[in-house]
Amino acid sequence: MDKFRMIFQFFQSNQESFMNGICGIMALASTQMYSAFDFNCPCLPHYNLAYGLGILLVPPFILFLLGFVLNNNISMLAEEWRRPQGQRGKDPAVLRYMFCSMAQRAMIAPVVWVSVTLLDGKCVTCAFCTSVPVETLGNASHPRLSQGEIQRLLARIPCKEIYNGQQLIANEVAVRYLRCISQALGWCFVLLMTTLAFLVRLLRPCFSQAAFLKSRYWSHYIDIERKLFDETCTEHARSFAKVCIQQFFEGMSMDLVAARCHLPRKAPAEAEEAAEKLLGITDQGTMNMALKSWHRCKPPLHLHPPALPTGNGWAGEGQPRMHPSAPQKETAAYYSWV
């Protein structure tokens with residue numbers, strides 16, 4: 001249990017670790033789905049190809065879309081892409097980084113599915129059984145068989161129980177031939193994906209490491225800023241609801257006051273704390289305006305210290321700012337007469 005707890009805490013440490021865990025679970029789920037899937041080839045000339053390629057390509061596409069759906073950053077990416085320019089510019093490099101990061105994680109489960117399917121060989125055997133070279137592997141001179149009949153016989157190769165073309169080509173020979181081709185394609189696909197991932201990891205720091213760090217930093221900033229904004233809005237909503245409920249009960253308690261009942265008074269500290277959490281936003285219209293302003297014109301990413309107030313206003317108002325004088329350096333020159 002301690003190991004599972006440590007793994008769970010690692011997945012919850014940050015957004016990337018969480019999404020890596022989700023993608024790993026999806027990859028394992030894809031293998032379990034394929035092992036539990038009951039593969040039934042139709043064994044018909046016009047349907048084998050569609051069924052085999054459908055099982056090979058349609059589930060990876062669904063898993064790819066599911067990887068995007070389970071990624072929490074997809075809504076953040078769409079919001080950042082569609083929001084108005086406002087006071088903060090949109091960096092296309094950050095948007096590309098976020099999209100590529102999500103696409104790479106969403107591709108893990110489809111790659112596992114395609115690899116397992118090709119290494120198993122059932123889909124390729126079903127899809128291309130009518131393309132077996134009978135001249136090389138079988139008896140092409142079998143009499144009294146038209147081309148259509150040969151295609152119908154070859155289409156039954158994946159269905160061993162109804163295959164009746166042993167005189168044309170042995171079922172075991174055709175299945176082994178197609179399965180060897182499928183496994184070769186599967187290992188080539190695994191090698192290609194592994195090589196591409198290795199080259200991406202190896203060559204990326206050599207060309208655009210600074211740009212990569214910048215894009216990664218600001219993508220993390222957008223994620224953290226969104227979380228903090230949601231937490232701030234939740235805290236404001238809680239304080240707003242608390243004050244509204246308190247005002248409601250204070251109004252209802254007027255009858256009790258008229259009946260000369262002694263009511264406990266609210267501590268001033270609690271009232272001040274609730275008022276501070278509202279930050280001056282005390283009605284629905286002002287809050288809606290604040291939310292629209294946050295969406296339309298986010299504040300620029302430029303931090304500056306606040307100006308110091310004085311008795312007559314802000315310090316330095318209407319006067320040029322005086323920068324602290326830098327310490328003067330003393331230089332000594334030496335002359336020699338030769």
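Mentor: The following account treats the largest pocket and then the helix that contributes most to its lining. This is a predicted model, in which local features need pLDDT of at least 70 and side-chain atom pairs count only at pLDDT 80 or more, while totals for chains, interfaces and linings use all residues. Residues are numbered from 1 along each chain as its sequence is written, and side-chain values use heavy atoms, with hydrogens and water left out.

The largest pocket has a volume of about 940 Å³. A pocket here is an open set of points on a 1 Å grid over the protein atoms alone, where a 1.4 Å probe fits, with protein on both sides within 12 Å along at least five of seven lines; lining residues have an atom within 4 Å of a point. The volume is the space filled by probe spheres set on the points, which are joined across faces, edges and corners. Of the 26 lining residues, Cys100, Gln104, Val200, Arg201 and Arg204 are the closest to the centre. Two or more residues come from each of helix 2 (15-36), helix 5 (92-106), helix 6 (108-120) and helix 10 (171-252); helices are DSSP runs (H or I, at least four residues), numbered from the N terminus. Helix 10 gives the largest share, twelve residues. Because domain 1 (1-207) and domain 2 (209-262) both give residues to the lining, the pocket lies between them; these bounds come from an automatic or database domain assignment.

Helix 10 also has a kink of about 95 degrees, centred on Ser208, the bend being the angle between axes fitted to the seven residues ending at a residue and the seven starting there.
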